[in-house]
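Dear colleague,

Here is the structure I said I would pass on. My notes follow below it.

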Amino acid sequence: MSRISQTFSELKQNGRKALVAYIVNGDPTREATLPAMHKMVEQGVDIIELGVPFSDPMAEGPVIQKGHERALEHHVSLTDTMAVVAEFRKTNQSTPVLLMGYANPVERMGYSVFADKAEAAGVDGLLTVDLPLEELTDLKRELDSRDIDNIFLLAPTTRVERARDIAANASGFLYYVSLKGVTGAGHLDVDSVKQKLTEFGALTELPMCVGFGIKDATSAKSVAVLADGVVIGSVLVDAMGKAQGQTPDQIAEAVGAIISDIRQALDSL
Amino acid sequence: MNDSTKSAVDYSAFPDDRGHFGQFGGRFVSETLIYALDELQEIYSSLKDNDEFQAEFDKDLAHYVGRPSPLYHAERWSRELGGAQIYLKREDLNHTGAHKVNNTIGQALLAKMTGKSRVIAETGAGQHGVATATVAARLGLKCQVYMGAEDVRRQALNVYRMKLLGAEVIPVTSGSKTLKDAMNEALRDWSTNVDDTFYIIGTVAGPHPYPKLVRDFQAVIGREARAQCLDMTGKLPDALVACVGGGSNAIGLFHPFLNDDTVAMYGVEAGGDGVETGRHAAPLNDGVPGVLHGNRTYLMEDENGQIIETHSVSAGLDYPGVGPEHAWLKDLGRVKYVPINDQEALAAFRKTTRTEGIMPALESSHALAYVEKLAPTMSPEQIIIVNLSGRGDKDILTVADIDGITV
């Protein structure tokens, strides 16, 4: 059983919701990421989603775009990102880490080389925003043979027959994009999320997490009742940007405080 | 049985139904946009061979754009170069002054058929933005154009033209603040407003079906040129030359000739300060295959797969990618892609202006500069058709600035 599946199975036994948290590697500095990851786990994050900086992050809103730009000022790469995961694994063997990013850095490295390095570093999953099911065949083969989960997005616009195909190819969990738009947008509609999760939930046994419009304890709670977990990102990246210039420990504290709030809200369900 | 004079590849059969030209093309977008692309593909498939749609498109091209555009024999210039006979396909004479409008007319008709009330576009130099604002004004559609903040500054005249036409120009301040970032922002807008918005992409790039449908709308250039050449000279041309940024004017000219083996083709990329300097916009000469803006193609990128900044005197060629069909035609060897640097393009701009009384766009000047090299290697019985894709009025201030003149 993959580390991601193991985590969901334990959460289910304990009646808890998954908290998945996203930060961009190297944002705002190279030194900030590792302490932030450990602090996130300490404050109740179940799965870390580590953003791979890219020059053209086309699905991101302004907040996360800025995070990518800050990281790229220090030329943080995909190779660097896997090195951070390897470092994290030295002291944490239980928290799943998935990489979230765009196709081109992986294309440049080569699928097979990437999959080897990811496995060696202790990466548990990959979410490539611009590799939909149809374009994923070759990379998926490499990931499958190394037990790295491929995390797929489902959108409000995804047709049911397509969602069924995606679910059949997915492992780990499914990530429902709660709104039409980019990360961090402000128009979360809980009723529509409920309707779609019911529709898509019937297609699969996989856990379903919701992300893209969740910014605080209240919105996290309102969505968590409908799903197996929530994904937060923009609110953390925003905090990391604002903490620019502070020490890695101070940055980690800023992120930890947000997470602690949301964790409490989820545990109160 | 294959006719031995015919190509081994039937170029007209591509892309496949998922938008692939060999390893290139495809649909590399986030899940939110898949539905919108499926919808666009369904509508386009149903209308492509629909007589009524085609008749309306042809009518607009004839009476609004002013097609067919002339094929002009540049006799003086041909004589001076002492080689092949040079014919200019005069896309500069179209309404709005470039080939871009062929495509925006077609896509605006699709927008109208889908009942969407708002169109968006990305633009670099502003030519596609102007062509989009123009058709939006005519159809009464709300129009917003994304333009890199850097380009807004450099292309003030076109920004004002768009505003006069009723469009809103949104400066993009992310990334390198140029065309590629404008395209990112347009894709973000589309994924947010997919219910009421039609995205009019300006070139043969982007996710499937855009490279195909933009090509189909621009192929009118090559169909006309083919018929005009046969009519005027009794034979097919020996060579075609066109500039390639995203590559829509080049594909438009090339596509109807691809299965004619005797016709050589040259796509001219922006060599900027020279390909050897790294400061250029020539991914087919000095790039690698990768994924950007919804398709796999040749890209300008660093060793980590980050897209890098491009350089060209011509804003319309200043793009780090290229249409996937060009990437495929390069690998097949059907089209030869060559670089022309800024200085060579500027020299051709002046030359054509003085020799033929035609002031070409700086983009088109790249193609003309290559003709200066190619024509003398050919015989006077041979024919070159070069796509004069746009007129140069928009570039006068750029050229004056290089000359140190304040207009």
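Glu80(B) is partly exposed, with a relative accessible area of 42%. Its salt-bridge partner is Lys351(B), with the closest N and O atoms 2.4 Å apart. The two sit in distant parts of the chain: Lys351(B) belongs to helix H14 (residues 342-356) of chain B and Glu80(B) to helix H3 (residues 75-81) of chain B, 271 residues apart. Lys351(B) is also partly exposed, at 27%. Please bear in mind that this is a predicted model.

A second bridge in chain B joins the side chains of Glu224(B) and Lys89(B), at 2.7 Å from N to O. Glu224(B) is in helix H10 (residues 220-233) and Lys89(B) in strand E4 (residues 85-90), so this pair ties together parts 135 residues apart in sequence. Glu224(B) is buried, with a relative accessible area of 13%, and Lys89(B) is buried at 0%.

In chain A, Arg16(A), Asp46(A), Arg263(A) and Asp267(A) form one network through salt bridges that share partners. Elsewhere in chain A, Lys39(A) pairs with Glu253(A), the closest N and O atoms being 3.0 Å apart. Lys39(A) lies in helix H2 (residues 33-42) and Glu253(A) in helix H12 (residues 248-267), 214 residues apart. Lys39(A) counts as buried at 14% relative accessibility, whereas Glu253(A) is partly exposed at 46%. Over all chains the count comes to 48 salt bridges.

**Interface of chains A and B**

The contact takes in 38 residues of chain A and 39 residues of chain B. Of the area that chain A buries against chain B, 22% comes from Met58(A), Arg108(A) and Glu135(A), more than from any other three residues. Together the two chains bury about 3100 Å², 47% of it on carbon and sulfur atoms.

There are 6 salt bridges between chain A and chain B. In one between Arg159(A) and Glu42(B), N and O are 3.2 Å apart. On the side of chain A that touches chain B, H5(A) gives the largest share, 5 residues. The residues of that side divide into 19 nonpolar, 8 polar and 11 charged.

**Helix H5 of chain B**

H5(B) (residues 127-139) reaches 19 Å from its first C-alpha to its last, close to the expected 18 Å. Of its 13 residues, 10 are buried, including His128(B) and Val135(B). The buried residues pack against several elements of chain B, among them helix H2 (51-65) and strand E6 (142-148). Gly140(B) follows the helix, with a positive phi near 70°.

Regards

Note on methods:
Residues are numbered from 1 along each chain as its sequence is written. Chains are lettered from A and ligands numbered from 1 in the order in which they are written. This is a predicted model: local features need pLDDT of at least 70, side-chain atom pairs count only at pLDDT 80 or more; totals for chains, interfaces and linings use all residues. Side-chain values use heavy atoms; hydrogens and water are left out. Contact means heavy atoms within 4.5 Å. Buried area is the accessible area (1.4 Å probe) that two parts lose on being put together, summed over both. A salt bridge is a side-chain nitrogen of Lys or Arg within 4 Å of a carboxyl oxygen of Asp or Glu. Helices (H or I, at least four residues) and strands (E, at least two) are DSSP runs, numbered from the N terminus. Ala, Val, Leu, Ile, Met, Phe, Trp, Tyr, Cys and Pro count as nonpolar, Asp, Glu, Lys and Arg as charged, and the others, Gly among them, as polar. The expected span of a helix is 1.5 Å times one less than its number of residues. Buried means under 20% relative accessible area, exposed over 50%, partly exposed in between (1.4 Å probe, protein chains only).
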